[in-house]
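Hi,

Here is the structure I promised to pass on.

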Amino acid sequence: MTASTIELRASLEDRRIAALAAAGIGLTLAEAAIPLPIPGIKPGLANIVTLLVLYRFGWRAAAWVSLLRIVAGALFLGTFLTPTFVLSLTGGLASLLVLAAAIRLPQAWFGPVGLSLLAAFVHIAMQLAVVDLWLMPHVSLQGLLPWFLTAAWLTGLANGLIVARMMNLPQPECRREVAA
Amino acid sequence: MKTHFGQSPKCVSAEANAGAAGVKRSGRSQAVQWIYPGDWLIVLAGLALVAGLFLRAPAVADRVTIRQSGQPFLEAGLRIDRLIAVPGPLGTTQVEIHGGRVRIKADPSPRQLCVKQGWLQAGEAAVCLPNRVSVELGRAAYDSLNY
């Protein structure tokens, strides 16, 4: 008897999530190559993908894409299961939870820029909390707090504007509808 | 070319979405249109938070240096509440770290000047001259252990 083969069927949604996560991983790797003067501050470009997925495909898909990106990105960068990975994971989870709540806000009033800013602030707040409580409990981070939050404000705003811009690009289907 | 984002069942642009809700957004530059009314609140609240933190920030004193006869006796952070006994020629000086502050709690010197000084402000130092103990509240320099 030949051993039975286990066949994993990837649904269309699986493939879509994989492709989107790959886009996020690409951005993660790309921004890891950018030299930044202060450790711990980075643009978080992969969150653009997370937000776009949240708007197009819902929170579940966004959570998949975000968590896959965090794990795979850490594997690529060699930080899997290191403190860096824990910071990335806790920050990502906190952001996802806030986004789950924020996406329910009235959409005419709160757009991608607001959501991006909220996610960025919660992300850095969670990371600082983890550093403060677990990694370096005896070192006061108070002096660094304003700088980290300034960075979160800038990157959250920039990423949100990029998402808003991408959402306003004409969609292929929309164009078809107009033509028909 | 088929894009992933093109598979969305509905293609609601931000402008159409806002238009449906009766929010006028025209005549401004595009980047401003992408920020919705509620977003402005978040943008400004974030800015206020950052500004507030910067204004409150200057009291960055997180390191206590205790000296005995001019020699460094102990360098400590403010995070852990504790009582430090510093021996001197007259007896023991008690330095208390509590709630992120530091003071000299007890001292054998006759005039008790350093004890009366109370909790130290950032950058201040309390000197118990008779017992040759000084406590200085300052900013930590980077060292290889902490950084």
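Below is what turned up, chain B first and then chain A.

Some ground rules: residues are numbered from 1 along each chain as its sequence is written, while chains are lettered from A and ligands numbered from 1 in the order in which they are written. It's a predicted model, so local features need pLDDT of at least 70 and side-chain atom pairs count only at pLDDT 80 or more, whereas totals for chains, interfaces and linings use all residues.

**Chain B**

Chain B has four helices and seven strands. (Both are DSSP runs numbered from the N terminus: H or I with at least four residues for helices, E with at least two for strands.) Along the sequence the pattern reads α-α-α-β-β-β-β-β-α-β-β. Of the 147 residues in chain B, 20% are buried. Here, buried means 20 or more other C-beta atoms within 10 Å of the residue's own, exposed means 12 or fewer, and partly exposed is in between, with C-beta atoms placed from the backbone.

Now zoom in on helix 3 (residues 37–56) of chain B. At 1.5 Å a residue, its 20 residues should span 28 Å, and the end C-alpha atoms are 29 Å apart, which agrees. (The expected span is 1.5 Å times one less than the number of residues.)

Which residues of helix 3 of chain B are buried? They are Asp39(B), Ile42(B), Gly46(B) and Val50(B). They cover an arc of only 65 degrees around the axis, so they sit on the same side of helix 3 of chain B; the arc is that of the directions from the helix axis to the C-beta atoms. On the other side, Leu44(B), Ala48(B), Gly52(B), Leu55(B) and Arg56(B) are exposed. The cover over the buried residues includes helix 5 (112–135) and helix 6 (145–167) of chain A.

**Chain A**

Thr90(A) lies in helix 4 (residues 83–102) of chain A. Thr90(A) is partly exposed, with 17 other C-beta atoms within 10 Å. Leaving aside neighbours within four places in sequence, Thr90(A) is in contact with Met126(A), Gln127(A) and Val130(A), where contact means C-beta atoms, placed from the backbone, within 7 Å. Met126(A) is 36 residues from Thr90(A) along the chain, yet their C-alpha atoms are separated by 6.7 Å.

Enjoy exploring!

Note on methods
Two residues are in contact if their C-beta atoms, placed from the backbone, lie within 7 Å.
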